[in-house]
Amino acid sequence: MNNKKHVFAEDSFFISRRKFMAIGAAFIAVMAIPVGWFASKVAKRNDYIKARSAGLYKDDAIAKLRVSHANPAVEKYYKEFGGQPLGHMSHDLLHTHFVDRTKLNS
Amino acid sequence: MHHNQHDMRPIQKHPLNVRVFHYILLLSFLPLAATGLLLFFKPLSQEGMQLTYDIHIIAGVVLSLDALAFTVIAFDRVVLFIARVFSLSERDVKWFMVLGGYPQKFLLGKKVPVPPMNKYNSGQKLFGACVLIGGTLLILSGLVLWLVPHAAPRDLVWLLGQIHLVAGLILTAFLPVHLFLAVYRFDDFKAMMIHGNVPYHDAAEYTPLWVEQEIVPVTVNQQRNK
């Protein structure tokens with residue numbers, strides 16, 4: 001029967017045109033819904049980060065002190081103790097000294 | 001004995017486009033199932049796992065393109081398949097009550113009456129629904145997990161990973177059953193693998209409703225459909 005042409009085949013439109021279109025439309029809709037769902041999820045993925053940064057900007061905008069050099073505590077430190085910014089005393093007190101410890105790891 | 005016993009007149013069961021689709025599906029799904037299990041259990045070295053991952057991706061792309069191409073080129077077959085697979089009746093309940101008579105045949109060697117089936121029996125319909133839904137979930141989740149795991153929301157990626165895992169395991173579990181029953185129904189096996197035709201007696205035995213309701217002589221059919 002290998003090379004013989006078939007003598008029967010199924011009537012490929014055994015369902016009505018109306019039913020065919022209904023099933024086809026439902027199939028396309030089911031395929032389209034997850035695409036829209038993924039797209040909106042991806043589009044909204046950074047919303048909480050944006051809300052957080054907007055909140056931080058808002059806090060900054062209404063803050064009394066908006067820059068560090070206007071901080072009265074810092075002003076008081078330089079006036080009474082540290083001399084001037086980048087001066088010797090401030091440099092010694094405020095800068096960190098690093099030691100090469102890479103040998104310890106090896 | 002029924003007079004259909006030795007009726008060898010060929011009925012076309014699987015047209016060429018279906019057979020080509022099935023072949024590509026077979027050649028892509030077998031490596032996908034094997035590499036998927038390897039990716040789940042991670043038994044290999046770093047290089048071995050990397051190669052496994054690469055094979056999984058390539059086979060996944062082949063399967064996705066196969067499914068997409070078949071949906072576009074043979075949309076009518078997709079709709080007809082959905083119509084068959086999701087048609088439920090009392091016969092399906094009765095079929096599952098005796099599991100198609102297969103366990104009785106294999107284990108007890110006796111034949112029990114089975115309700116008449118259409119082109120697919122109830123078990124094949126259940127399998128078809130799982131392949132249709134599970135395959136779609138696997139393709140969509142696989143694409144997101146492969147291409148945009150960093151851009152998609154973290155919780156969504158985790159959920160898609162779980163969906164990919166469960167759907168993959170279910171379809172992989174179906175695989176040995178499908179292979180065994182495919183070879184057992186050898187006339188249908190030859191139809192899907194070689195020429196697309198089943199002899200009339202086989203169709204009349206296993207799929208009587210299909211023969212009765214949908215099968216027409218090919219000359220009449222040719223007028224309408226090539």
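**Before selecting**

This is a predicted model, in which local features need pLDDT of at least 70 and side-chain atom pairs count only at pLDDT 80 or more, while totals for chains, interfaces and linings use all residues. Residues are numbered from 1 along each chain as its sequence is written, and chains are lettered from A and ligands numbered from 1 in the order in which they are written.

**Stop 1: chain B**

Select chain B, which has eleven helices and three strands; helices (H or I, at least four residues) and strands (E, at least two) are DSSP runs numbered from the N terminus. Its C-alpha atoms fill a box of roughly 65 × 45 × 30 Å along the principal axes. Of the 226 residues in chain B, 23% are buried. A residue is buried if 20 or more other C-beta atoms lie within 10 Å of its own, exposed if 12 or fewer, and partly exposed in between, with C-beta atoms placed from the backbone.

Next, select residues 14-185 of chain B, which an unreviewed UniProt entry annotates as "domain: Cytochrome b561 bacterial/Ni-hydrogenase". UniProt positions are given in the numbering used here, feature names are shortened, and annotations may be inferred rather than shown by experiment. The span is 80% helix and 0% strand, and its end C-alpha atoms lie 14 Å apart.

Then centre on Lys42(B), in the loop between α1 (16-41) and α2 (46-73) of chain B. Its phi is positive, near 50°, in a residue other than glycine. Lys42(B) counts as exposed, with 10 C-beta neighbours inside 10 Å.

**Stop 2: where the chains meet**

Show both chains: 22 residues of chain A are in contact with 30 residues of chain B, contact requiring C-beta atoms, placed from the backbone, within 7 Å. On the side of chain A that touches chain B, α1(A) supplies the largest share, nine residues.

Select β1(A) and strand β3 (residues 215-217) of chain B, which pair in the antiparallel sense over three bridges; pairing requires that DSSP find at least two bridges between two strands. Here Glu10(A) stands opposite Ile215(B).

Which residues make up the largest nonpolar core? Select Phe8(A), Ala9(A), Ile11(B), Ala191(B), Val198(B), Ala203(B), Ala204(B), Trp210(B), Val211(B) and Ile215(B), ten residues in all. A nonpolar core is a set of buried Ala, Val, Leu, Ile, Met, Phe, Trp, Tyr and Cys residues joined through C-beta atoms within 7 Å. Within this core, β1 of chain A and α9 (200-206) and α10 (208-214) of chain B each supply at least two residues.

Leaving aside neighbours within four places in sequence, Trp210(B) is in contact with Asn118(B), Lys119(B), Ala203(B) and Ile215(B).

**Stop 3: chain A**

Select residues 20-40 of chain A, listed by UniProt (unreviewed entry) as "transmembrane region". The span is 100% helix and 0% strand, with its end C-alpha atoms 30 Å apart.

Move to helix α3 (residues 72-82) of chain A: the number buried among its eleven residues is zero, so the helix lies largely in the open. Gly83(A), with a positive phi near 75°, follows α3(A). In the loop between α3 and α4 (88-94) of chain A, find Leu86(A), which has a positive phi of about 70° although it is not a glycine. Leu86(A) is exposed, with 9 other C-beta atoms within 10 Å.

Among the elements of chain A, helix α5 (residues 102-105) has the lowest mean pLDDT (66) and helix α2 (residues 47-62) the highest (93). Where pLDDT is low, the predicted coordinates should not be read in detail.

Notes
Contact = placed C-beta atoms within 7 Å. pLDDT = per-residue confidence, 0-100.
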